[in-house]
Amino acid sequence: MEDWKSNSRAFWTLATPATLWLLAFFLIPLAYLLALSFSSKALVNGEVSINDYDYFTGVANYIRAINPDIISIFLRTLWWSALATLACLLIGYPIAFSICFMPERWRPLALLLIVLPFWINLLIRTYALKTVMGARGVVNSALGLVGIGPVEMIGTTGAVIFGLVYVFLPFMILPLYSTIERLDKSYLEASLDLGASQFQTFWKVTLPLTMPGIITGVILVFIPCLGMFLISDELGGTTSWMIGNVIQAQFGASNDWPFGSALSFALMLLTIIVLVMQWYYQNRSKGAH
Amino acid sequence: MSGQLKPGQGPLEYGRRRWLQSLFAVTLMVLYLPIAVLVAFSFNEQNRGGVWKGFTFENYPKAWANQSIYDAMVNSLTIAVITTLFATVIGTMVAVMMWRFRFPLKPAYEAAMGLPIVIPEICMGVALLLFFNGTGLMGFFSNLVWPFNLATIIIAHIAFCFPFVAIVVRSRLVGFNKQLEEASRDLGANEWQTFWQVLVPYMKPGIISGALLAFTLSLDDFVITFFTSGPETVTFPVKIYSMVKTGVKYEVNAASTILIVITILATVLAMKLQAPEKSGH
């Protein structure tokens, strides 16, 4: 690798567009979001203005966020995201495993079939799911044939969590697949030869060796779940708001941008904490080798 | 987990375990059932109500004739094409830069470049909404003629797409043999010629799959578009969102089916282009 000074003209030519774009249309907007979260709506002639702000007036928005309603929505978001991630792991691991042990010529097709829905528009998938789960949807029609139902699914917590799993399952399977595929199968053979049961082999050999894939998968599912508002909006009811819905409302109907900014920043901080934890874990496990 | 092994079944032949096969089959069914129903209902005669009335192609010309769906579709495709062009060029350049050079604060630079990928979309969406409003760019662009009134959306899409392109291209560059570059210089090519005639051809599969990734990401995006679009600049996902809110007609199913077909073609094409590279190693 060259030092940037050795050919600074090439360096700057290559670096400038991306750096400027990132700065102008990502980092500065984020800084503005942070600034607005410490601001409040301006008073013009004694009335609260709609779109003028007094900047850097204090932490009032964050203090407002520490109320039981908002905290319970934050906790609910964490809890549901955790449940959805766990479900993705429990379903995704055996699936990734079975793809890895398929005959080689079937593997690309199997993987493509699992991943293809991920490329289909999120909104189309959510809408499709909503139709299928509706009172007169296919699922209820099928249940009706055997004399059950109709079961009300839309608007329930279960529907939201199912929706999250439906949408993010491929994110879990892909990293798991690439880790399990690289796993040296002779370790498993050795463990079985030496008298360990299938269960012991899985628990003591396969699982620890595929931990990096599990962690990547967990991160890839958990983080997008945290910021999701579409699924809870479409498949849940008004009582199943996640933090994303509260943020969206501040920039829509409630029109309280400073408060919305504070909540967004809190959500971003939460995400970064999760990522730092992952980074810390990876470095620790690297050090152990 | 598993019981006795059947005769002829090895302990490592998990691919032949019944319960794993059934789980795989059931998951595929659950993944595809809603999409299959959506596609099937795009051929339904009755325009509402979720009941199958009979087969027809009519929803397709209807969707085509529905000006607002048509406009949304054209907007989405225009945004995706322009975004892909810019994001691919910018992303490829920065990938080469990060691959080639050592520079101060490189880890911090790389982390900042990865940030648009990892932070929740809604945060990026509202930050851009604030920024475009605060700077007056939103008002400025929304008064321009088409397609310039799509500028805020395109700017936002480029911002979240080019880091993905950079990652894909950079992972391709890892396998590059630097001696090729030296050979080219030794044989008298200047830096520019070396870049175009040695490095770019080598990066080509990476650039193409990066471009297709950017295209699908842009075409797919709802959250960031939702916050950065004006009332006049509706994209297809935003259009579906509002139509689902008001009760849907099967024209939407028809238009969705077309979008699904476009996406699947792009994905399969991307995989085809990448496949020979893998076996070549």
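What share of the contacts in chain A with a separation of 6 or more comes from residues 24 or more positions apart? The share is 66%, where a contact means two C-beta atoms, placed from the backbone, within 7 Å.

Before I go on, this is a predicted model: local features need pLDDT of at least 70, side-chain atom pairs count only at pLDDT 80 or more, and totals for chains, interfaces and linings use all residues. Residues are numbered from 1 along each chain as its sequence is written, and chains are lettered from A and ligands numbered from 1 in the order in which they are written.

Chain A, then. It has 13 helices and three strands; these are DSSP runs, H or I of at least four residues for helices and E of at least two for strands, numbered from the N terminus. The C-alpha trace of chain A spans about 80 × 75 × 35 Å along its principal axes. Its radius of gyration is 24 Å, whereas a compact globule of 289 residues would be near 19 Å. That radius is taken over C-alpha atoms, and the globule rule is 2.2 Å times the number of residues to the power 0.38. Of the 289 residues in chain A, 39% are buried, buried being 20 or more other C-beta atoms within 10 Å of the residue's own, with C-beta atoms placed from the backbone.

Chain B has 12 helices and one strand. In chain B, 41% of the 281 residues are buried. For contacts between residues at least 6 apart in sequence, 78% in chain B join residues at least 24 apart.

Next, one residue. Phe162(B) sits in helix 7 of chain B, residues 151–173. Why is Phe162(B) called buried? Because 29 other C-beta atoms lie within 10 Å. Leaving out residues up to four places away in sequence, Phe162(B) touches Ala18(A) and Trp21(A), along with Ala87(B), Ile90(B) and Gly91(B).

Another place where the chains meet is a helix pair. Helix 5 of chain A (residues 122–133) packs against helix 1 of chain B (residues 18–41) at about 90°, with the axes 8 Å apart. Axes are lines fitted to C-alpha atoms, for helices over the stretch in contact, and angles run from 0 to 180 degrees between N-to-C directions. The two helices are therefore roughly perpendicular, the word used for 65 to 115 degrees.

Notes. A residue is buried if 20 or more other C-beta atoms lie within 10 Å of its own, exposed if 12 or fewer, and partly exposed in between; C-beta atoms are placed from the backbone. Angles under 35 degrees count as roughly parallel, over 145 as roughly antiparallel, 65 to 115 as roughly perpendicular and the rest as oblique.
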